[in-house]
Amino acid sequence: MRYTENIIRVGLGITFLWIGILIFQHPDAWGQALQPWALGLLPIDLRTAMMQTAVFDITVGFFLLVEVLPALFSLLAFIHLITVITVVGITGVTARDIGLAAIALALTIAYWPKRKS
Amino acid sequence: MVNLTPHALLFTIAAIGIAEAAYLVKTRRSEIAPVCPIGQDCSTVLSSRYNHLFGVHNDILGFLFYIAFAGATALLVLEAVEVSSLLSAMKVMLAGATIMSLFLVYLQAKVIRAWCFWCVMSAATICLMDIIILTTTLS
């Protein structure tokens, strides 16, 4: 594994951890970013959903940071970011989320177990 | 509104420390020589008789410290506990880590006479945390 993957992994891990903490701090405010159609799909109340999102973000961030199952957690990060882009819609920060999603996808590919030939 | 810049910086530095310590624990447990980005003496230092304190490996002590510090910073952001007590606890933790870092730097310079990139990086992160704690207002 080269330095580049490790630097990106740690950076993405820190981002997920910090965002998770910020969501915990103001779950309702973060929930306001959701599109009305996405709010209608939630099977639980918005605050609980955002708290679960915070726990998910912190879990993904921590496992990326300590490099345990990095391929799996990079993939989860990618799926999560695509979901965020979908349910939040195009806003001023969509470009950032697209960049993060691309990073998560690149990490997934880099860490994916190679088939022995 | 509380300025979160020092909190974010402290948390980021602690998270880098977690990643670094986790890497050192993993390489030690797998009996793999850690990558030494600068110099070639990492293994000399990490396998020396000073690689543990009170029967616990330094990498584990570092990992626990960084986890505790990152957790405390998160609690500070969330205002989940009384801020002044938490800040005092963080300062005590950091003072302990600073003393240990200085001791490890002394060991590398004067006793082992070899430098380990990861140990120096850890000392630098502790130093940065000291600067942030001493120069900013965390509340």
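Trainee: Which side chain of chain B does A:Glu67 meet in a salt bridge?

Mentor: First, a note on the source: this is a predicted model, where local features need pLDDT of at least 70, side-chain atom pairs count only at pLDDT 80 or more, and totals for chains, interfaces and linings use all residues. Residues are numbered from 1 along each chain as its sequence is written, chains are lettered from A and ligands numbered from 1 in the order in which they are written, and side-chain values use heavy atoms, with hydrogens and water left out. A salt bridge is a side-chain nitrogen of Lys or Arg within 4 Å of a carboxyl oxygen of Asp or Glu. At 3.5 Å, N to O, the partner of A:Glu67 is B:Lys26.

Trainee: How many salt bridges are there between chain A and chain B?

Mentor: Side chains of opposite charge can pair when their charged atoms come close. Over all chains, the structure holds 5 salt bridges. Between chain A and chain B the count is 1.

Trainee: Which residues are linked with A:Glu67 in a network of salt bridges?

Mentor: A:Glu67 also meets the side chain of A:Arg9 in a salt bridge, at 3.8 Å, N to O. That pair links distant parts of the chain, 58 residues apart: A:Glu67 is in the loop between H4 and helix H5 (70-88) of chain A, and A:Arg9 is in helix H1 of chain A. Helices (H or I, at least four residues) and strands (E, at least two) are DSSP runs, numbered from the N terminus. The network joins A:Glu67 with A:Arg9 and B:Lys26.

Trainee: Is A:Arg9 buried or exposed?

Mentor: Buried means under 20% relative accessible area, exposed over 50%, and partly exposed in between (1.4 Å probe, protein chains only). The relative accessible area of A:Arg9 is 5%. Therefore A:Arg9 is buried.

Trainee: What area is buried between chain A and chain B?

Mentor: Buried area is the accessible area (1.4 Å probe) that two parts lose on being put together, summed over both. Carbon and sulfur atoms give 81% of the area here. A:Ile14, A:Trp18 and A:Ile21 supply 38% of what chain A buries against chain B, more than any other three residues. The area between the two chains is about 1,300 Å².

Trainee: What does H3(B) pack against in chain A?

Mentor: Helix H3 of chain B covers residues 58-78. Its buried residues include B:Phe65, B:Phe69 and B:Leu76. Within chain B, these buried residues pack against elements including helix H1 (5-29) and helix H4 (83-112). In chain A, they pack against H1.

Trainee: How far does H3(B) reach from its first C-alpha to its last?

Mentor: H3(B) has 21 residues. The expected span of a helix is 1.5 Å times one less than its number of residues. That gives an expected 30 Å, and H3(B) comes close to it, with a reach of 30 Å.

Trainee: Why does the pair of B:Arg28 and B:Asp59 tie together separate parts of chain B?

Mentor: Their side chains meet in a salt bridge at 2.7 Å, N to O. B:Arg28 lies in helix H1 and B:Asp59 in helix H3, so the pair ties together parts that are 31 residues apart in sequence.

Trainee: Which residues does A:Gly31 touch, not counting residues up to four places away in sequence?

Mentor: A:Gly31 sits in helix H2 (residues 27-31) of chain A. A:Gly31 is buried, with a relative accessible area of 0%. The C-alpha atoms of A:Gly31 and A:Leu46 are 6.4 Å apart, though 15 residues separate them along the chain. The residues touched are A:Leu39, A:Leu46 and A:Met50.

Terms used:
Contact means heavy atoms within 4.5 Å.
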